[in-house]
Amino acid sequence: MSTSLPGIAAELERLNGAHRSRRLSLPQGVDFTSNDYLGLARHPALREAAIAALDADGFVGAGGSRLLRGHHPAHARLEEYAAQFFGVEKTLFMGSGFIANYALFTALCERHDAVVFDERVHASVKEGIHAAPAARYRAQHNNLDSFKTMIHRARDKGARRVFVAVEAVYSMDGDCAPLKELDALARSHDAMLVVDEAHATGVFGPRGRGLGETLQNENWITLHTGGKALGVSGALLCARGEIIDYLVNRSRPFIYSTAPPPHLAAALQRSLQLLDEELWRRERVLALAAFARQKLLPHELASPGTQIIPIVLGEEKRALDVAQDLQNAGFDVRAIRPPTVPEGTSRLRISIHADHCEDQILALASVLRASTASP
């Protein structure tokens with residue numbers, strides 16, 4: 001087969017041979033793979049909020065960027081509500097977490113600045129950092145000494161401002177950043193802490209505001225995504241008012257992107273309200289996650305953790321084979337392979353939801369044991 005773009009066919013063949021080719025597949029079976037941790041994606045209250053917004057103003061799409069008539073009352077209401085909800089001066093609603101992270105780092109990080117980032121931070125953060133002119137320093141995962149060393153290295157090189165970038169809950173490992181210690185470290189070195197709460201929003205914190213709920217201060221910039229536990233779409237950047245105002249003026253992905261549909265903003269605001277109205281969802285997902293870790297992991301690894309449970313299997317083919325066994329048994333579990341995770345750590349990423357039940361988890365564990373025990 002010929003192609004006008006030489007190399008594409010060869011690269012696809014290489015990916016196939018290495019068991020790294022990706023294909024789109026529709027959802028089927030019991031969902032143990034999506035990020036709908038609280039089971040809100042099909043909540044009737046969110047549908048009603050979206051429909052009410054559509055009926056109220058008739059707009060299916062925003063019609064333009066936020067600065068060119070695409071800014072609707074639903075966007076303004078969401079940002080005002082979210083600022084009060086998360087306890088910050090201002091918030092900025094954007095189309096996705098990926099775009100929000102990219103927009104943040106490319107707008108804020110300038111040539112004489114530096115970014116110290118966790119080596120396992122999300123790809124959206126890494127893409128934003130790499131597109132920015134600031135110096136980059138990679139810190140070992142959750143290693144405070146490494147972060148401290150990299151901050152000192154950045155300062156010694158003359159960095160004007162230092163940003164420290166982490167995830168609250170890491171999406172592929174399910175572990176948590178030591179935010180209390182990182183906050184103290186950042187403050188002691190006059191650095192700005194950027195925390196992606198994507199997989200913690202709605203699940204952690206005394207009121208579901210994220211892992212940094214009781215720590216957030218004026219030296220923090222926080223991202224809360226709407227498409228995971230909140231069950232909708234988009235993302236909210238939370239920070240001091242001057243930072244949000246600067247992004248509105250300087251962030252090219254924000255300035256030149258069509259705004260998210262107003263009815264999604266309305267649905268996301270309703271989702272935030274549900275976090276306070278239906279506290280049982282957060283309590284249930286954490287209880288089920290603890291139960292699942294006991295049943296799915298070896299005893300020495302089944303310590304308290306998050307709703308994300310990695311089953312590390314090693315090679316790509318083995319992860320694909322075990323995932324297929326689970327899918328054949330009626331469980332939607334997907335294999336995660338490099339480059340998403342490091343070489344030799346291909347895995348299953350089990351995601352626990354508030355609308356699971358213990359019998360489903362026990363059945364999943366039974367199939368998993370049988371599949372991984374076979375040669």
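A contact is taken here as heavy atoms within 4.5 Å.

**Figure 1. Overall fold of the predicted model.** In this predicted model, local features need pLDDT of at least 70 and side-chain atom pairs count only at pLDDT 80 or more, whereas totals for chains, interfaces and linings use all residues. Residues are numbered from 1 along each chain as its sequence is written, and side-chain values use heavy atoms, with hydrogens and water left out. Of the contacts in the protein with a separation of 6 or more, 72% are accounted for by residues 24 or more positions apart. The protein has 14 helices and 12 strands, which are DSSP runs (helices H or I, at least four residues; strands E, at least two) numbered from the N terminus. The C-alpha atoms fill a box of roughly 60 × 55 × 55 Å, taken along the principal axes.

**Figure 2. Burial in the protein.** Buried residues, meaning those under 20% relative accessible area with a 1.4 Å probe and protein chains only, make up 51% of the 375 residues.

**Figure 3. Setting of His 356.** His 356 lies in the loop between β12 (346-351) and α14 (358-373), and is buried, with a relative accessible area of 4%. Leaving aside residues up to four places away in sequence, His 356 touches Val 30, Asp 31, Phe 32, Arg 284, Leu 288 and Ser 351.

**Figure 4. Close-up of His 356 and Asp 31.** A polar atom of the His 356 side chain lies 2.7 Å from the backbone oxygen of Asp 31. Asp 31 is also among the residues that His 356 touches.

Note on methods: Buried means under 20% relative accessible area, exposed over 50%, partly exposed in between (1.4 Å probe, protein chains only). A polar contact is a pair of N or O atoms within 3.5 Å; within protein, one must be able to donate a hydrogen and the other to accept it, and residues adjacent in sequence count only if both atoms are side-chain atoms.
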